[in-house]
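This report covers a single protein chain.

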Amino acid sequence: MLLALQPAIAPAQDVATGRVLAERWCANCHIVTRSATTGRADGVPSFPALADAPQTTDTSLRRAMSASHGRMPDFSLTSREQDDLIAYIRTLGKR
Ligand code: HEC
């Protein structure tokens, strides 16, 4: 996969890698950063809102990424990529 060839992404930076993945694969549909102040009208949950939701767990995030959800294509994310995305989404929460 192309991403693995980018030297800027250090293997230890789970959160940074997760952010790159989110911006690449998820931002078409989701608001993936805290800087956005408004939600979307079409009901797609923003990542900060997901991070803040009390029912959100690592398991629920992983399940959402593993199965195709809504109009979301099958990304076939590796478990490592899922871990990075979960680590990143976690940083967006207020908790
Ligand atoms: C093509 C549009 C699209 C893309 C791209 C997309 N999503 Fe989603 N996502 C949705 C929609 C729509 C929902 C709302 C729930 C539904 O419709 O099933 C959703 C819901 C979610 C949820 C909440 C599921 C729940 O149980 O409430 C998570 C977590 C999520 N997406 C993660 C991701 C991640 C991580 C990515 C990037 C790897 C991503 N999504 C990319 C459309 C998308």
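## A residue in helix 1

Where is the place of Val15? Val15 sits in helix 1. This is a predicted model: local features need pLDDT of at least 70, side-chain atom pairs count only at pLDDT 80 or more, and totals for chains, interfaces and linings use all residues. Residues are numbered from 1 along each chain as its sequence is written, and side-chain values use heavy atoms, with hydrogens and water left out.

Val15 counts as partly exposed, at 35% relative accessibility. The classes are set by relative accessible area: buried is under 20%, exposed is over 50%, and partly exposed is in between (1.4 Å probe, protein chains only). Leaving aside neighbours within four places in sequence, Val15 is in contact with Ala87, Tyr88 and Thr91. Contact here means heavy atoms within 4.5 Å. The C-alpha atoms of Val15 and Arg90 are separated by 8.8 Å. Along the chain, these two residues are 75 residues apart.

## The chain as a whole

The protein chain has four helices and zero strands. From the N terminus on, its elements run α-α-α-α. Helices (H or I, at least four residues) and strands (E, at least two) are DSSP runs, numbered from the N terminus.

The protein chain has 95 residues, and 32% of them count as buried. Its accessible surface comes to about 6,000 Å². Carbon and sulfur atoms hold 58% of that surface. Accessible areas come from the Shrake-Rupley method with a 1.4 Å probe; for residues, only the protein chains shown count as cover. Take the contacts in the protein chain with a separation of 6 or more: residues 24 or more positions apart account for 55% of them.

## Helix 1 against helix 4

Helix 1 spans residues 14-26. Its axis and that of helix 4 come within 7 Å and cross at roughly 95°. That makes helix 1 roughly perpendicular to helix 4. Axes are lines fitted to C-alpha atoms, for helices over the stretch in contact, and angles run from 0 to 180 degrees between N-to-C directions. Angles under 35 degrees count as roughly parallel, over 145 as roughly antiparallel, 65 to 115 as roughly perpendicular and the rest as oblique.

From helix 1, the contact is made by Asp14, Val15, Thr17, Gly18, Arg19, Leu21, Ala22 and Cys26. Helix 4 supplies Arg80, Glu81, Asp84, Leu85, Ala87, Tyr88 and Thr91. The residues of this contact divide into seven nonpolar, three polar and five charged. Ala, Val, Leu, Ile, Met, Phe, Trp, Tyr, Cys and Pro count as nonpolar, Asp, Glu, Lys and Arg as charged, and the others, Gly among them, as polar.

Glu81 is found in helix 4. It counts as buried, at 10% relative accessibility. Glu81 and Gly18 lie 63 residues apart along the chain, with their C-alpha atoms separated by 7.0 Å.

## Helix 3 against helix 4

Helix 3 (residues 58-66) and helix 4 (residues 79-91) pack at an angle of about 125°. Their axes are 10 Å apart. The two helices are therefore oblique to each other.

By class, the contact has five nonpolar, three polar and four charged residues.

## Residues in the loops

Is His30 buried or exposed? His30 is buried, with a relative accessible area of 11%. It lies in the loop between helix 1 and helix 2 (47-52). Not counting residues up to four places away in sequence, His30 touches Val44, Pro45, Phe47 and His69.

Ser35 is found in the loop between helix 1 and helix 2. Ser35 counts as exposed, at 63% relative accessibility. Ser35 and Leu92 are 57 residues apart in sequence and 9.9 Å apart in space, C-alpha to C-alpha.

Pro73 lies in the loop between helix 3 and helix 4. Its relative accessibility is 46%, so Pro73 counts as partly exposed. Pro73 and Cys26 are 10.0 Å apart in space, C-alpha to C-alpha, and 47 residues apart in sequence.
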